[in-house]
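Colleague: Could you walk me through how to read a model like this one? I would like the general idea each time, then the case at hand.

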Amino acid sequence: MSLTQIEFQAEGTGDAPAQAIQGRSPWMLAWRRLRQDKVAIASGALILVLALLAILAPVISSLVGHSPDTPYTNTGLNSQGLPVGPSGTFLFGTDGLGRDLFVRVLYGAQISLLVGFVSTLIGTAAGVVMGMTAGYFGGVIDTVLARFIDSVLAFPYVVLALALAVVFGPSLSVTIGVISFFSWAAIARVVRGQTLSIKEKEYVEAARSIGSGPWRIMFIDILPNLIAPVLVLATLAVPTAIVFEATLSYLGVGIQPPTSSWGNLLSQAQTFYQTSWWYLVFPAGFLLLTTLAFNLLGDGVRDAMDPRTERLFASQRKGRRSAAKRARPTPPATEVS
Amino acid sequence: MTTPQPPEADGDVLVRVESLVKYFPVKGAGLVARTVGHVQAVDGVSLTIPRGKTLGLVGETGCGKSTLARCIAGLIPATSGQVIFDGTDLTRLNRRAMRPFRREIQMIFQDPYGSLNPRRRVGSIIGDPFAVHKTATGNERKKAVQEMMERVGLNPEHYNRFPAEFSGGQRQRIGLARALALRPKLIIADEPVSALDVSIQAQILNLLADLQQDFGLSFLFIAHDLEVVRHVSDQVLVMYLGRVAEQGPKDPVYDTPRHPYTAALLSAAPAADPDAAAARQRIILTGDVPSPINPPAGCRFHPRCPKAQELCSQQDPPLESKAGDPPTHLTACHFPIQPHEDLTTSTVGSRAGLGTSTGSDSFGGGTA
């Protein structure tokens, strides 16, 4: 058959029939996969409920009729001056001064989630810009930035956080600043590596041949390809930031009383742990639930964003199933020596 | 390197490349990397691309074809030499001064999968050139993009689709639409069809030919498929290890190759016609392509050349017109193949390469 004939036949079939398929963006595909993941959806719902509770804390506070900072010395403390346990009046019991622990935990959620989201946002933005700059430009810029990233990652951050808090005085903004400063480097390192590989792709070369400048290439061509790993890292950075905030507050250099945060509630609770279990259990429980939910959601997002891992799991499942089939008793084969 | 000036007046020449050299430094290991050598990817190549015509660039993998293309496109800086585009030396321009020329020179890439950003919609990919050069915005841009899509044989309604929803041939059309969006004068096609099925190859080649006519495009067409190059080219240039081995109008180069390397390449190409395939004689080259870090002295082809003599390892052969050839047919060889000389060790037979050209004729007939 000559090429002419082949060509003729190809002309007939065309490249592909025009189909009325709705084009699905990678985001929609990821969302469809995420929806199938019950654990991730439950975690997401839990986070939403927590966020709602935190936002509505003042409303709930007025509904309950207890302000977060008022010590209820008559009803909130027993005859020995110790906190009272959970009851109809005080859902989670009271703290050492007779304040409503339920209301204080909700206000603490405000601080914890705020610190978690804001410092993750700042850290992620900084990490993406730094990592992309280092990876795309290479050379001296990369060497300097990469060493900087390494040194930030190598730093004993609790020690530096303590020092910074002492120098600037502990406050919400210093806490957010410190947490952001220690969360960008991990993201920057991943982004740098991804950028190094993406910038060698032909579509980046195509962009350069069109005349795109470096910033346009970084933000229009490379960034969309980074969003999946960055989103996963950011989801997993939120619980880290929340725990970091709790650590700082627990050590007394984060959020200062009377403003409540889960960390300083735990710190105050440790004097009462022998008599008042609720004082420790409720803030710690909320901290645990929140970080667990974010971590599970992060895992779900990763699976949804990267179909390859999903396929990997599917093949593992299939492997297990066929292994089980093989393990089923089979008629004994006659031994051949 | 002395290169005779081709006879065309400069008005007919769109691009003139003069002694272009591109060395890549080879860095040693260690904390402070020291340059230990150079990959001599392109070593003194001169060529001209006539206006509205196609120059085919042929050579083995690693001979510097793609590097040469990227130097001409201004994607990588040349080590030395000149790229004169319409009277302007592009190698002297900085990024800002280069910008207007980016519109004039566009590339089509080999890999239809790697050359389109998987995270961007087709409309935005093809609209990119308009956005970068701020030539059209909003609805105007969308309209221009859809016109372009229609022109290259894509359904304009697929504007909002992602590259993953297209086949290889369609993706190559998307790349073509992007390259044509700014109405360039020169298209550098770096193996544009080698990743496609044969039937799709033919479609894309026909499309390229149509577009060349409609837009008055000049092409630098790189391929390792000799038949494809013969089909599309007006002029052919054969490269070996960063140098030009032979160049000229396609028919003399294909029918009476003077450089032993060209003859060997032609004899290695598979013949479409089984009778010719059975009759043809292959010139078997021995050894591997030498490392471009440390290329052989003299003629770079001499360690593998069946005709090599003492002189070949000592003196670099100039690229010149050999006796009996038209002045545009240039060969860099001390001992060019004489007409009816047979390089295969066997006796008389249909010379290798001639058989393959029969195959290309039927190919050529398809587009007429």
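This is a predicted model: local features need pLDDT of at least 70, side-chain atom pairs count only at pLDDT 80 or more; totals for chains, interfaces and linings use all residues.

Colleague: What is the mean pLDDT of chain A, and where is confidence lowest and highest?

Modeller: pLDDT is the predictor's confidence in each residue, from 0 to 100. Chain A has a mean of 78, with 83% of its residues at 70 or more. Helix H1 (residues 3–13) of chain A is lowest, with a mean of 44, and helix H5 (residues 101–137) of chain A is highest, at 90. Helices here are DSSP runs of H or I, at least four residues, and strands are runs of E, at least two, numbered from the N terminus.

Colleague: How do I read two packed helices?

Modeller: Two packed helices are described by the angle between their axes and the distance between the axes. The axes are lines fitted to C-alpha atoms over the stretch in contact, and angles run from 0 to 180 degrees between N-to-C directions. In chain A, helix H9 (residues 202–210) and helix H10 (residues 214–250) pack at about 145 degrees, with axes 11 Å apart. From H9(A), the contact uses A:Tyr203, A:Val204, A:Ala207 and A:Arg208; from H10(A), A:Ile217, A:Asp221 and A:Ile222. Contact means C-beta atoms, placed from the backbone, within 7 Å.

Colleague: And which domains does chain B have?

Modeller: Domain bounds come from an automatic or database domain assignment. For chain B it gives domain 1 (12–25 + 36–104 + 189–367) and domain 2 (117–183). Their contact takes 10 residues from domain 1 of chain B and 9 residues from domain 2 of chain B.

Colleague: Why does B:Lys22 count as buried?

Modeller: A residue is buried if 20 or more other C-beta atoms, placed from the backbone, lie within 10 Å of its own, exposed if 12 or fewer, and partly exposed in between. B:Lys22 counts as buried because it has 23 C-beta neighbours inside 10 Å. B:Lys22 sits in strand S1 (residues 13–27) of chain B. Leaving out residues up to four places away in sequence, B:Lys22 touches B:Ala41, B:Val42, B:Thr67, B:Cys71, B:Ala78 and B:Thr79. Of the 368 residues of chain B, 48% count as buried.

Notes
Residues are numbered from 1 along each chain as its sequence is written. Chains are lettered from A and ligands numbered from 1 in the order in which they are written. Two residues are in contact if their C-beta atoms, placed from the backbone, lie within 7 Å.
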